[in-house]
Amino acid sequence: MPDWLVSLLHWLAMPEAGLGALFVVSLLSATLLPVGSEAALFGLLKLNPDLFWPAIAVATVGNTLGGAVSWFMGLGAHRVVDKARHQPTELHALRWLQRFGPKACLMAWLPLIGDPLCAVAGWLKFPFWPCVAYMAVGKLLRYLVLTVLLLKVFPGGLPV
């Protein structure tokens with residue numbers, strides 16, 4: 001493994017830097033930016049396994065807050081479009097999503113569609129707090145399942 005990567009992983013594993021970095025990466029990865037938080041979480045836990053529950057909590061909170069930011073971005077986009085068109089805007093392709101309401105945010109953990117789903121929930125003006133609650137449950141389950149599976153597949157660490 002390259003020295004710079006080892007240094008970066010050691011820096012991320014420090015509790016005082018690692019959890020903060022994990023929070024930022026998790027928050028950014030829940031926006032429309034192409035960032036993945038699972039690798040940061042897994043790397044932190046491989047280097048500092050005693051941080052399992054704090055790291056899961058920090059990643060979940062950061063990722064949920066990022067989803068909430070996306071929700072507000074969707075709501076803001078809807079308001080701008082409504083103002084520009086001088087009438088309410090509804091996209092026909094999103095009607096099926098309206099059937100599910102805030103429960104659709106449970107799928108915010110899915111790759112590719114999960115992050116835009118949070119913005120669409122804001123666009124459709126779904127209630128904020130129920131959306132955030134469903135986002136948090138989905139993201140918590142994703143982090144738990146992925147982390148436990150990765151730790152079982154790579155119990156001694158990643159192959160070099």
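Axes are lines fitted to C-alpha atoms, for helices over the stretch in contact, and angles run from 0 to 180 degrees between N-to-C directions. Helices (H or I, at least four residues) and strands (E, at least two) are DSSP runs, numbered from the N terminus. The model is predicted, so that local features need pLDDT of at least 70 and side-chain atom pairs count only at pLDDT 80 or more, while totals for chains, interfaces and linings use all residues. Residues are numbered from 1 along each chain as its sequence is written, and side-chain values use heavy atoms, with hydrogens and water left out.

**Figure 1. Overview of the chain.** The secondary structure consists of seven helices and zero strands, in the order α-α-α-α-α-α-α along the sequence. The chain has 160 residues, of which 40% count as buried (buried means under 20% relative accessible area, exposed over 50%, partly exposed in between, with a 1.4 Å probe and protein chains only). Among contacts with a separation of 6 or more, 75% join residues 24 or more positions apart; contact means heavy atoms within 4.5 Å. The mean pLDDT, the predictor's confidence in each residue on a scale from 0 to 100, is 83 for the chain, and 84% of the residues reach 70 or more. Confidence is lowest in helix 1 (residues 3-13), with a mean of 67, and highest in helix 7 (residues 128-153), with 93.

**Figure 2. Helix 4 against helix 6.** Two packed helices are described by the angle between their axes and the distance between the axes. For helix 4 (residues 52-85) and helix 6 (residues 114-123), the axes come within 6 Å and cross at roughly 45 degrees. Helix 4 and helix 6 are therefore oblique to each other (angles under 35 degrees count as roughly parallel, over 145 as roughly antiparallel, 65 to 115 as roughly perpendicular and the rest as oblique). Helix 4 passes helix 6 in a right-handed crossing; a crossing is right-handed if the near helix is turned clockwise from the far one by less than a right angle, and left-handed if anticlockwise. Helix 4 contributes G67, S70, W71, G74, L75, A77, H78 and V81 to the contact, and helix 6 contributes D115, C118, A119, A121, G122 and W123. By class, the contact of helix 4 with helix 6 holds eight nonpolar residues, five polar and one charged (Ala, Val, Leu, Ile, Met, Phe, Trp, Tyr, Cys and Pro count as nonpolar, Asp, Glu, Lys and Arg as charged, and the others, Gly among them, as polar).

Figure 3. C118 lies in helix 6 and is buried, with a relative accessible area of 0%. Apart from neighbours within four places in sequence, C118 is in contact with G67, S70, W71, A108 and M135. A30 is 88 residues from C118 along the chain, and their C-alpha atoms are separated by 8.8 Å. A121 also belongs to helix 6 and is buried, at 1% relative accessible area. Again leaving aside neighbours within four places in sequence, the contacts of A121 are W71, C105, F126 and C131. From A121 to G101 the separation is 20 residues in sequence and 7.8 Å in space, C-alpha to C-alpha.

**Figure 4. Helix 3 against helix 4.** The axes of helix 3 (residues 38-47) and helix 4 come within 10 Å and cross at roughly 165 degrees. That makes helix 3 roughly antiparallel to helix 4, and their crossing is right-handed. On the helix 3 side, L41, L44 and L45 meet F52, A55, I56 and A59 of helix 4. This contact has seven nonpolar residues, no polar and no charged. P54 is placed in helix 4 and is partly exposed, with a relative accessible area of 35%. P54 and L19 are 35 residues apart along the chain, with 8.0 Å between their C-alpha atoms.

Figure 5. The axes of helix 4 and helix 7 come within 9 Å and cross at roughly 140 degrees. Helix 4 and helix 7 are therefore oblique to each other, and the crossing is right-handed. Their contact comprises 17 nonpolar, five polar and two charged residues. In the loop between helix 6 and helix 7 sits K125. K125 is partly exposed, at 47% relative accessibility. Its phi is near 60 degrees, a positive value in a residue other than glycine.
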